[in-house]
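I opened this notebook to record what I looked up in the structure, one topic per entry.

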There are 2 protein chains.
Amino acid sequence: MNLKDIGEFGFIKRITPNSVNNQKNVVRAIGDDAAVFAIGKNECVILTTDLLVERVHFIKDAMTGYQLGYKSLAVNLSDIAAMGAIPQHAFVSIGIPKETQIEYLDQIYRGMKELAKQYNVNILGGDTTSSKVDLIINVAVTGVAKKDRILYRNTAQAGDCIFCTGFLGDSRAGLDFILKSEQPSKDYEKLLVAAHCEPRPHIEEGLFLAKSGAVHSCIDVSDGLSSDLMHIAEESNVGFMLDEEALPVSSYLLQYCNERGYSARDYALAGGEDYVLVCTANPVKERKLADDFYKTFHRPLYKIGTITKEKEYLMRTRDKTLVNIKPKGWDHFA
Amino acid sequence: MNLKDIGEFGFIKRITPNSVNNQKNVVRAIGDDAAVFAIGKNECVILTTDLLVERVHFIKDAMTGYQLGYKSLAVNLSDIAAMGAIPQHAFVSIGIPKETQIEYLDQIYRGMKELAKQYNVNILGGDTTSSKVDLIINVAVTGVAKKDRILYRNTAQAGDCIFCTGFLGDSRAGLDFILKSEQPSKDYEKLLVAAHCEPRPHIEEGLFLAKSGAVHSCIDVSDGLSSDLMHIAEESNVGFMLDEEALPVSSYLLQYCNERGYSARDYALAGGEDYVLVCTANPVKERKLADDFYKTFHRPLYKIGTITKEKEYLMRTRDKTLVNIKPKGWDHFA
């Protein structure tokens, strides 16, 4: 049997059984943005890891070394953010083709270290090895959080409001330029490419949501809004109703789509690699949560829909019709 | 500048500066078998990570999927063992070429899970992605230990006895068969190949050494005895004197070398991937340490030399002459 037949998520389901031998300090195993284990009574370590492979996740010529380093750490910090935890330490495994220039590697580490510094994170270890063809970067990041403050995917409740901490779709539009080997020339085009190459992990936003006491579940948008929201829905045994009109898209993305006749909605729904957070929150506390978010970050927490009891994935379009949402995000083996 | 010019350890030195931004709970950063950070007062998390790349660390046809999975976890457990810690959780990132058969991947996870079960370790997370050409496996393992019980590389003291927890060189002899695409036929040949493909991590031995109160420093033999002992010596600012006659070699390795006219000493000194532990211990407690080890494990803790004040790397040969030891272990960029 071939991997394509079961897909990435089928494969994960296949390898999950019998992976926990000792429940003792396990708080959350395979199945969330990060795993969680307890040290002592209430202190938890959150651990996430992401593997980036050349020609799969990045094309060397389309990204500077700095951006590659920055992004390889950013995607992990985003997972820690989605758990509502404080990131602390990064561990970088790198597999390097022999002919690689050191100056390029210096740039990678410069990108990683500048982002690490910004969030007070350490690069505490790793592994250095050679690779035959492709550059390989695996980053693992640990964070800490109190046990009762951690945000999960599988705890959304029917009636929850769905919120989003930032714009959707910019990153995918930026990727368009890279895939077409097209140089961005206008300012807004450059900003879209930057959204793809140097995504800002929503660490402070994650901590805010965790502390709010209003948030029931959270995930970061890596595969694409529709896919990631389906992870929340499936694992929480609920459905959702998105509101097309409410999907937050930047003026850059609108301009990009308008000039080309593309649908900004499609970019927002299925783009992926946005690395903003999507959370679901108690509707009673909705107003206060959004107000406090605005006071703290000086920009809105976007309400984009509702969690429903019925396990359907729906969107109310601008003309008030209901459409079924299908997962359009990334599956590595599809 | 090319990587070959500075080598693996030169590269690590190059990327280390400015990697720690927040010393707060850092106990040990880059430079040991694993990194250590504190949670609370005396509890520490030990974290190690190893990247295995096809055609660099393993050849698919020369190893079963089971062995590949087993070994990819074993090498990490060995690092945790070298710190004197209890391994708890493993995180597996895997990059899979699209045409890979699921049955082969099942085998990899079976190998990992059986070893994990043996040591009560969980596979708690990871990342699953595709890869263009080579199979890639990165495993990160966390362990726990009390702060004052952890064993490091940089704390050997002049006068220490050097000990080794098992045979040296078997793994390299096993690798010979793989590199020559030669099927092992005799029983002893099969055992050598098994030493290479399914090394037993010396977890209990590491915990024993950490608890003994006699051990000053420890490392696992991955690069090769001479290289790994040099890591201890360099970082502890001391030298060593090995005793050739005392190097523990198995009867299998002796038979292998005798039949072929090879030097078992060279295999023991520079072979690598033995995944036994080498430690240095207080000479006053030497006798008791060795006795207790024997009582616990029913095999000897081999005394193989002495740590010296003079920063020289020497070996007393069988005919009582002194020779200089040069690092002959593995450098990924040499």
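Which residue of chain B forms a salt bridge with Asp106(A)? I found that Arg14(B) is the partner, with the closest N and O atoms 2.6 Å apart; a salt bridge is here a side-chain nitrogen of Lys or Arg within 4 Å of a carboxyl oxygen of Asp or Glu.

Conventions. I note that this is a predicted model, in which local features need pLDDT of at least 70 and side-chain atom pairs count only at pLDDT 80 or more, while totals for chains, interfaces and linings use all residues. Residues are numbered from 1 along each chain as its sequence is written, chains are lettered from A and ligands numbered from 1 in the order in which they are written, and side-chain values use heavy atoms, with hydrogens and water left out.

Interface. I looked up the count of salt bridges between chain B and chain A, which is two, and that of residue pairs in polar contact, which is 28, both residues at pLDDT 80 or more. A polar contact is a pair of N or O atoms within 3.5 Å; within protein, one must be able to donate a hydrogen and the other to accept it, and residues adjacent in sequence count only if both atoms are side-chain atoms. Strand 5 of chain B gives the most to the side of chain B that touches chain A, with ten residues (strands are DSSP runs of E, at least two residues, and helices runs of H or I, at least four, numbered from the N terminus). I also noted that 78 residues of chain B are in contact, meaning heavy atoms within 4.5 Å, with 78 residues of chain A.

Thr49(B). I located Thr49(B) in strand 3 of chain B, and it counts as buried because its relative accessibility is 5%, the cut-offs being under 20% for buried and over 50% for exposed, partly exposed in between (1.4 Å probe, protein chains only). Its side chain makes polar contacts with the side chains of Ser93(A), at 3.3 Å, and Asn138(B), at 2.9 Å.

Core. I looked up the largest nonpolar core, which has 75 residues; such a core is a set of buried Ala, Val, Leu, Ile, Met, Phe, Trp, Tyr and Cys residues joined through side-chain atoms within 4.5 Å. Helix 2 of chain B, residues 65–82, gives the largest share of this core, nine residues. A second, separate core has 73 residues, among them Leu68(A) and Cys161(A). Ile46(B), one of the residues with the most contacts inside the largest core, touches Ile80(B), Met83(B) and Val144(B), among others.

Methods:
Lists of a residue's contacts leave out its neighbours within four places in sequence.
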